[in-house]
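Dear colleague,

I am handing over the structure that we spoke about, and below it I have written down what was found. Please keep it open while you read.

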Amino acid sequence: MKRQFIAGATCPECGQQDKIQRVIEDDRQWMECVSCGASKDLDAKPPEATDALARPVTLLPPKK
Ligand SMILES: [Zn+2]
């Protein structure tokens, strides 16, 4: 099992920042709040989805 904090992520339940861990176990992964214990399944999303929270998103790629 691997745990890593998601920098800048805010817990949707308690609103605390930097308390969200991504937990990876075999082929499963979920988010867990170390403050209130809320957890959210990430199986339906690719791992990049959580990284997008802390990253600017380009909706329209520049055209040539
Ligand atoms: Zn929380």
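Which arrangement do the four donor atoms around the zinc ion make? The arrangement is tetrahedral, because the four donor atoms subtend angles of 104 to 114°, and four donors count as tetrahedral if all angles lie between 85 and 135 degrees. For comparison, the ideal angle for four tetrahedral donors is 109.5 degrees.

Before going on, please note that this is a predicted model, in which local features need pLDDT of at least 70 and side-chain atom pairs count only at pLDDT 80 or more, while totals for chains, interfaces and linings use all residues. Residues are numbered from 1 along each chain as its sequence is written, and side-chain values use heavy atoms, with hydrogens and water left out.

The zinc ion is held at 2.3 Å by the SG atoms of C11, C14, C33 and C36 (donors are N, O and S atoms within 2.8 Å of the metal, or 3.2 Å for Na, K and Ca; as water is not among the atoms, sites may look incomplete). Along the sequence these donor residues follow the spacing C-x2-C-x18-C-x2-C. C11, in the loop between β1 and β2, and C36, in the loop between β3 and β4 (39-41), are 25 residues apart, and this pair links distant parts of the chain (strands are DSSP runs of E, at least two residues, numbered from the N terminus). C11 counts as buried because its relative accessibility is 3%, whereas C36, at 40%, counts as partly exposed (buried means under 20% relative accessible area, exposed over 50%, partly exposed in between, with a 1.4 Å probe and protein chains only).

Best wishes

Notes:
Tetrahedral: all angles 85-135°; square planar, octahedral: opposite > 155°, others 65-115°. Helix = DSSP H or I, 4+ residues; strand = E, 2+ residues; numbered from the N terminus.
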